[in-house]
Amino acid sequence: MNNFFINDGRLFRSLRITLACVLALPILYIIPDFNNLYGPAGWVNVKLLSMQQSFPGYAIHHLIGWISAKFPISHQASCMLLIWVYCGLCILLALGYAMRLASLALLTLHLSIFVVMKPYSYGADHISTSLLFYLVLLPKRADFYCWLYIQTVRIHLCIVYFFGGLVKSLGNNWWNGEALWKALNLPYFNQYFQWDFDWLTGYPSLLLIGGVTVIVLELLYPFAMFNSYLRKPWLGAVILMHLIIAIVLNLLVFSLFMIVWNVAAFVVGNHILRKYYQKNSLNFKPSRWWRAKGAPVQDQQA
């Protein structure tokens, strides 16, 4: 990346590669059922799917139908073509080749496959959409735009956690541990390892403590992450929470997205801010306001 020191450019590259790999997981996971989900003879009628679109957009079954109509290939072949295009864009993103164009194309296709169709969409799909959007706008040098970009990513993440905690705090089921009990025993969670949590019936206080801990971690996240004393332990606790969610509830992709976002915002982001904006967050030379103090003058590729 231009005008970042080599090691700092590698941090951005590592995040990009990690995110590309995580983005490829959902599409690889649903390959055996892709035609059953989005094909004309799928489990849910495509007309019913169209009626439940979360927002206006070109849904994946529309795209499959358009390809089949324009080219002499079957619906199943159209499905496989879109899968390979999606995976190819993930590879381009990981390699950093035409990164912005690949990110934009992947964002568009990701919206079409995972977000437009409400019955097949959940929180991780919206989180990944946000991360892809930020990849399209990724800065290439340490200037005012880079500072604004990092602050926007951090504030966005704080909003996600704060309102997540606020919604949980408004009801009773997180305060008394009921929400955790339900999550641990729902059939579509905990389906791989088949953990037995019946022993928790004898220790209801553990469920209560767990529910309150989640509320506190999320609700106070914005205040803790902008406090130099609380940032590291809070970040560690949040990452641990997502690791537990990944292992116990099998929400691997969602947890990985949130961990990547946390690391990007408050580990890599803080490193960049400390290195290129030493005295204060707006420490620019008056004669060269577009470049942060400390940024290398020569262009270095990373």
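Modeller: One term before we start: rings of Phe, Tyr and Trp (its six-membered ring) pair if their centres lie within 6.5 Å. Also keep in mind that this is a predicted model.

Biologist: Okay, how many aromatic pairs does a search of the whole structure find?
Modeller: The search turns up 10 aromatic pairs.

Biologist: And which residues do ring pairs link into a cluster?
Modeller: That cluster is made of Phe133, Tyr134, Tyr145, Tyr149 and Trp261.

Biologist: Which ring does the charged end of lysine 168 sit over?
Modeller: The ring of tryptophan 174, with the charged end 5.3 Å from the ring centre.

Biologist: Switching topic: how many disulfides are there?
Modeller: The count is zero, going by sulfur atoms within 2.5 Å.

Biologist: What about cysteine 79, buried or exposed?
Modeller: Cysteine 79 is buried, because its relative accessible area is 2% and the cut-off for buried is under 20%. Cysteine 146 is buried too, with a relative accessible area of 0%.

Biologist: Let's talk about glycine 165. Where is it?
Modeller: Glycine 165 belongs to helix H8, which covers residues 144–170.

Biologist: Why does glycine 165 count as buried?
Modeller: Because its relative accessibility is 0%.

Biologist: What does glycine 165 touch, leaving out residues up to four places away in sequence?
Modeller: Its contacts there are Ile215, Glu218 and Leu219. As for valine 214, its C-alpha is 7.5 Å from that of glycine 165, although 49 residues separate the two in sequence.

Biologist: Good to know. Next, which helix has histidine 242?
Modeller: Histidine 242 is in helix H12, residues 231–248. With a relative accessible area of 3%, the histidine is buried.

Biologist: Which side chain does a polar contact join to histidine 242?
Modeller: That of tyrosine 161, at 2.6 Å. Tyr161 is also among the residues histidine 242 touches beyond four places in sequence, and the others are Phe254, Ser255, Met258, Ile259 and Asn262.

Biologist: Now the backbone. Which way does phi go for most residues other than glycine, negative or positive?
Modeller: Most of them have a negative phi. In this model, alanine 98 has a positive value, near 50°, and asparagine 250 has a positive one as well, near 65°.

Biologist: Where does alanine 98 sit?
Modeller: In the loop between helix H5 (75–95) and helix H6 (99–115). Alanine 98 is partly exposed, since its relative accessible area is 38%.

Biologist: And where does asparagine 250 lie?
Modeller: Asparagine 250 is in the loop between H12 and helix H13 (252–276). This residue is buried, at a relative accessible area of 15%.

Biologist: Where is confidence lowest, and where is it highest?
Modeller: Strand S1, residues 284–285, has the lowest confidence, at a mean of 43. Helix H11, residues 221–225, has the highest, at 94.

Biologist: Which residues have pLDDT under 50?
Modeller: Residues 281–290 stay under 50, and the model gives them 17 contacts beyond four places in sequence. Residues 297–302 also stay under 50, with 19 such contacts.

Methods
Residues are numbered from 1 along each chain as its sequence is written. This is a predicted model: local features need pLDDT of at least 70, side-chain atom pairs count only at pLDDT 80 or more; totals for chains, interfaces and linings use all residues. Side-chain values use heavy atoms; hydrogens and water are left out. Helices (H or I, at least four residues) and strands (E, at least two) are DSSP runs, numbered from the N terminus. Buried means under 20% relative accessible area, exposed over 50%, partly exposed in between (1.4 Å probe, protein chains only). Contact means heavy atoms within 4.5 Å. Rings of Phe, Tyr and Trp (its six-membered ring) pair if their centres lie within 6.5 Å; planes under 30 degrees apart count as stacked, over 60 as edge-to-face and the rest as tilted. A charge sits over a ring if NZ of Lys or CZ of Arg is within 6 Å of the ring centre and within 35 degrees of the ring normal. A polar contact is a pair of N or O atoms within 3.5 Å; within protein, one must be able to donate a hydrogen and the other to accept it, and residues adjacent in sequence count only if both atoms are side-chain atoms. pLDDT is the predictor's confidence in each residue, from 0 to 100.
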